[in-house]
Amino acid sequence: MKTRLLLTLIACFLALSSHAAGTKIDGIHYNLDSSTKTASVTYTGSSSSDNTYSGDITIPASVNYSGRKYSVTSIGDDAFYKCTGLTSITIPSSVTSIGDWAFYGCKGLTSITIPSSVTSIGGWAFAGCTGLTSVTIPSSVTSIGRYAFYDCTGLTSITIPSSVTSIGDDAFYKCTGLTSVTLNNNTIASKTYTSSSSLSSIFGNQVKEYILGDEIQSIGSYAFSRCTGLTSITIPSSVTSIESSAFSGCTGLTSIKVE
């Protein structure tokens with residue numbers, strides 16, 4: 001019995017020791033996993049006032065700690081939460097995911113380049129980045145979480161690549177300056193929506209122009225329902241069907257281009 005207990009304690013110790021939480025290396029905090037030799041950029045403190053990243057930050061592709069090399073593969077949840085003094089961030093191509101609330105409230109960010117290695121953007125990831133005027137979503141991204149760009153009032157246009165198959169509701173909610181959306185994924189456009197849930201639930205009803213890419217083959221029911229600000233849409237020749245009520249309530253739509 002004692003032997004079994006001892007073995008259990010040893011196993012727990014080994015599991016815990018494979019993770020070094022909150023290790024600071026060259027001014028950046030990481031969670032290190034020695035079993036996978038990977039590192040995740042992490043939150044620096046116990047409250048938002050403790051998160052003190054500011055200025056221009058460059059995240060390295062790898063870090064060394066206690067004689068071991070760790071590949072930086074993710075920006076963890078809350079990593080740069082409310083770092084209002086953060087002005088720019090360089091993300092290495094080793095990073096594959098950006099966690100929930102990762103850059104929430106980073107009002108000093110004006111632009112960000114997401115590397116083509118990233119496959120997912122978490123919920124609220126860039127919410128409250130009111131100074132953000134430009135963001136490029138690479139063709140590697142497959143999912144964008146709910147409220148990911150909430151209240152990014154400085155954004156005026158966005159392109160959703162064909163790789164994105166999932167966008168959470170309200171992903172661009174309160175992006176009051178967002179007037180142009182280019183949409184390239186058929187899964188998003190051809191989805192069957194409802195009269196109360198449409199593309200306006202993702203991008204808002206202030207968008208004036210939608211440009212559909214050549215990947216779009218069909219437009220689903222209620223897709224643009226309640227897009228009351230919509231005045232112009234470009235539909236490619238690849239579209240072979242438009243389902244019922246696709247443009248229900250688009251009272252301001254005055255221009256339809258078929259290319």
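Is W124 buried, partly exposed or exposed, and what is its relative accessible area? Select W124 to begin: this residue is partly exposed, with a relative accessible area of 23%, where buried means under 20% relative accessible area, exposed means over 50%, and partly exposed lies in between, computed with a 1.4 Å probe on protein chains only.

Before going further, note that this is a predicted model, in which local features need pLDDT of at least 70 and side-chain atom pairs count only at pLDDT 80 or more, while totals for chains, interfaces and linings use all residues. Residues are numbered from 1 along each chain as its sequence is written, and side-chain values use heavy atoms, with hydrogens and water left out.

**Confidence**

Colour the chain by pLDDT, the predictor's confidence in each residue on a scale from 0 to 100. The mean for the protein chain is 90, and 89% of its residues reach 70 or more. Residues 1-19, by contrast, have pLDDT below 50, and beyond near neighbours in sequence this stretch has seven contacts in the model, a contact being heavy atoms within 4.5 Å.

**Aromatic pairs**

F80 sits in the loop between β6 (68-75) and β7 (86-90), and F103 in the loop between β8 (97-98) and β9 (111-113), so that the pair links distant parts of the chain, 23 residues apart; strands here are DSSP runs (E, at least two residues) numbered from the N terminus. Both F80 and F103 are buried.

W101 and W124 also form a stacked pair, at 4.8 Å centre to centre and with 5° between the planes. Because W101 lies in the loop between β8 and β9 and W124 in the loop between β10 (120-121) and β11 (134-136), this pair ties together parts that are 23 residues apart in sequence.

Next select Y53, F80, F103, F126, F149, F172, F203, Y210, F224 and F247, which form one aromatic cluster. The largest nonpolar core has 71 residues, of which F80, F103, F149, F172, F203 and F224 touch the most other members. A second, separate core of five residues includes Y81, A127, Y147 and Y150. A nonpolar core is a set of buried Ala, Val, Leu, Ile, Met, Phe, Trp, Tyr and Cys residues joined through side-chain atoms within 4.5 Å.

**The five-stranded sheet**

Turn to the open sheet of five strands, whose order is β13-β15-β16-β18-β20 with parallel pairing; two strands pair if DSSP finds at least two bridges between them. β13 (157-160) and β20 (255-258) stand at the edges with a single partner strand each, so one side of each is left without a neighbour in the sheet.

Walking across from β13, four bridges join this strand to β15, and S157 stands opposite S180 in β15. In β15 (residues 180-183), S180 and T182 point one way, V181 and L183 point the other way, and all are buried. Four bridges likewise pair β15 with β16, where L183 stands opposite L212.

β16 (residues 209-212) and β18 (residues 232-235) pair over three bridges, and Y210 stands opposite I233 in β18. From β18, S232 and T234 point one way and I233 and I235 the other, and all are buried. Four bridges then join β18 to β20, where the bridge partner of T234 is K257.

**A last stop at V164**

Finally select V164, in the loop between β13 and β14 (166-167), which is buried with a relative accessible area of 0%. Leaving aside neighbours within four places in sequence, V164 is in contact with V141, T142, I144, N185 and I188. V164 and N185 are 21 residues apart in sequence and 6.5 Å apart in space, C-alpha to C-alpha.

Notes:
Rings of Phe, Tyr and Trp (its six-membered ring) pair if their centres lie within 6.5 Å; planes under 30 degrees apart count as stacked, over 60 as edge-to-face and the rest as tilted.
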